Amino acid sequence: MTAHPSAGRERPEGKFAAWLYDFRQQWQLQLMVWPGVVFIIVFGFLPLYGYVMAFQNYTVTSTIWNAPFVGLANFQLIVTDPTFWSSLVNTLGISLLKLVIEFPLSIVLAIMVYELAGGVFKRVVQAISYLPHFISWIVLGGMLVVWLSSTGLFNQIFGGSTNLLQQPGLYWLIAALSDTWKEVGWGTILYLAAMAAIDPSLYEVARVDGAGRFRRIWHITLPGIRGMIALQVILWVSGLFGSNLDQTMVLNNPLNDPRSNVINFYVYQVGLHQGNFSYGTAVGLGISLISLILLLGANFATKKLNDNTSML
């Protein structure tokens with residue numbers, strides 16, 4: 001067997017020389033990593049220069065390089081725009097409902113699946129719970145439009161005759177529940193992975209000590225996935241100002257628009273339908289900055305509650 005050219009050599013002291021030495025030592029791994037790095041740079045970081053439009057009066061006849069600079073004028077318009085504030089309230093309302101309903105249900109469902117005895121039934125339950133995640137919102141939204149119509153499934157079951165999607169007061173709950181149905185099974189994957197890392201001997205010792213199923217869950221399973229729960233809390237909190245554009249575009253109609261017009265849908269309408277690209281960019285930039293602040297704040301809070309261990 002031929003020895004590696006760098007085998008037996010000491011690692012150089014200089015930064016570049018050390019990097020080059022490491023690259024030669026693991027060039028196969030580097031070749032696998034760098035295409036992903038280049039992809040992220042090209043499609044994740046380079047487009048960030050487009051945020052310059054938030055400070056310009058950009059039109060379809062201009063470019064980023066020659067559009068007139070207007071400073072914070074677009075952000076001043078946001079403050080005085082009532083439609084923006086109503087979309088902000090709708091986004092927070094739906095996101096908080098999803099947090100209250102979907103987040104704990106994912107944990108409960110993961111524990112229930114984990115507690116099932118291994119076999120065909122457990123795999124079937126997992127497959128059924130994952131399946132809605134792979135259904136497009138176009139398909140799922142079409143199903144909901146039919147089911148919630150005046151002659152649809154829900155009205156046939158409960159004896160009503162009202163189109164539920166045309167009731168603005170019900171839209172937040174419909175959006176939260178439908179998203180929960182679609183994503184709750186998929187949300188169990190990380191929790192199940194964390195549970196698989198728990199030492200099985202802990203459960204055996206608890207059984208010997210006479211601990212029942214619920215005590216084992218409370219004292220072993222939940223503490224064992226505490227780090228994953230903290231990470232999910234951070235991600236949920238940082239995404240409070242995000243919204244499901246696909247869901248909104250399918251379920252939105254003129255009657256429920258006062259409660260269904262969320263921020264992403266509002267940016268889509270203002271930026272693409274009305275052609276006000278600079279204003280739409282300003283709204284998106286502002287929401288991104290707020291989400292970043294929430295991410296850092298949630299990470300700081302969970303770090304304090306988790307023995308100063310950062311989840312990010």
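## How to read the model

Residues are numbered from 1 along each chain as its sequence is written, and side-chain values use heavy atoms, with hydrogens and water left out. Because the model is predicted, local features need pLDDT of at least 70 and side-chain atom pairs count only at pLDDT 80 or more, while totals for chains, interfaces and linings use all residues.

## The overall picture

Let's start with the whole chain. The protein has 16 helices and zero strands; these are DSSP runs numbered from the N terminus, with helices (H or I) of at least four residues and strands (E) of at least two. The C-alpha trace spans about 70 × 65 × 40 Å along its principal axes.

The radius of gyration of the protein is 25 Å, whereas a compact globule of 312 residues would have one near 20 Å. That value is taken over C-alpha atoms, and the globule rule is 2.2 Å times the number of residues to the power 0.38. Of the 312 residues, 36% are buried, where buried means under 20% relative accessible area, exposed over 50%, and partly exposed in between (1.4 Å probe, protein chains only).

## Inside the cores

In soluble globular proteins, nonpolar side chains tend to be buried together. A nonpolar core here is a set of buried Ala, Val, Leu, Ile, Met, Phe, Trp, Tyr and Cys residues joined through side-chain atoms within 4.5 Å. The largest one has 19 residues, and Phe103, Ile107, Tyr191, Leu192, Met195, Ile225 and Ile229 touch the most other members. Helices H4 (82-115), H9 (188-196), H10 (200-208), H11 (213-224) and H12 (226-238) each supply at least two residues of this core, and H4 gives the most, with five residues. Apart from this core lies another, of 14 residues, including Leu88, Phe241, Ala282 and Ile287.

Take a look at Leu192: not counting residues up to four places away in sequence, Leu192 touches Ala110, Val113, Tyr114, Gln126 and Tyr130. Contact means heavy atoms within 4.5 Å.

Leu109 lies in helix H4. Leaving out residues up to four places away in sequence, Leu109 touches Ser129, Val184, Gly185 and Thr188. Lys98 is eleven residues from Leu109 in sequence, and their C-alpha atoms are 15 Å apart.

His133 sits in the loop between helix H5 (120-130) and helix H6 (137-147). His133 counts as partly exposed because its relative accessibility is 23%. Beyond residues up to four places away in sequence, His133 touches Lys182, Glu183 and Trp186.
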